[in-house]
Amino acid sequence: MYPSRILRAYHGEKPNITGFDIRKFAHSAGEPRYDPWERAEAWRYKGQFSRWNRFKGAFPGLGIATVAFVIYLGYEQLFLKDEHHGDGHGEGHH
């Protein structure tokens, strides 16, 4: 913490020479009744920019790649079995 803040807290706030108090202004303004930018920002959450569509587009090709990998694993298990697997390495095998 800066020494000037400590001294200011000890002596109180500096008087405002203009008489304008931002805290009173913010309190009197309150919450806005409507958001003037609501209509301009609505496109960010609809259509192709919805949460689901953004997630779906995050991993393009993941579904096709998963299916292709599963097909390859099935092909490998059925057709590419090693005939010598489990026999052990005897003298006849080099």
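Trainee: In which helix of the protein chain is confidence lowest, and in which is it highest?

Mentor: The predictor's confidence in each residue is expressed as pLDDT, from 0 to 100. In the protein chain, helix 1 (residues 3–11) has the lowest mean, 66, and helix 5 (residues 62–79) the highest, 94; helices are DSSP runs (H or I) of at least four residues, numbered from the N terminus. This is a predicted model, in which local features need pLDDT of at least 70 and side-chain atom pairs count only at pLDDT 80 or more, while totals for chains, interfaces and linings use all residues. Residues are numbered from 1 along each chain as its sequence is written, and side-chain values use heavy atoms, leaving out hydrogens and water.

Trainee: How many aromatic pairs does a search of the whole structure find?

Mentor: A pair of aromatic rings is described by the distance of the centres and the angle of the planes. Rings of Phe, Tyr and Trp (its six-membered ring) pair if their centres lie within 6.5 Å; planes under 30 degrees apart count as stacked, over 60 as edge-to-face and the rest as tilted. The search finds five such pairs. Among them, Trp 52 and Phe 55 are tilted, at 5.9 Å centre to centre and 40 degrees between the planes. Tyr 75 and Phe 79 also form a tilted pair, at 5.4 Å and 45 degrees.

Trainee: Are Trp 52 and Phe 55 buried or exposed?

Mentor: Buried means under 20% relative accessible area, exposed over 50% and partly exposed in between (1.4 Å probe, protein chains only). Trp 52 and Phe 55 are both exposed. Phe 79 is exposed at 60%, whereas Tyr 75 is partly exposed at 42%.

Terms used: Helix = DSSP H or I, 4+ residues; strand = E, 2+ residues; numbered from the N terminus.
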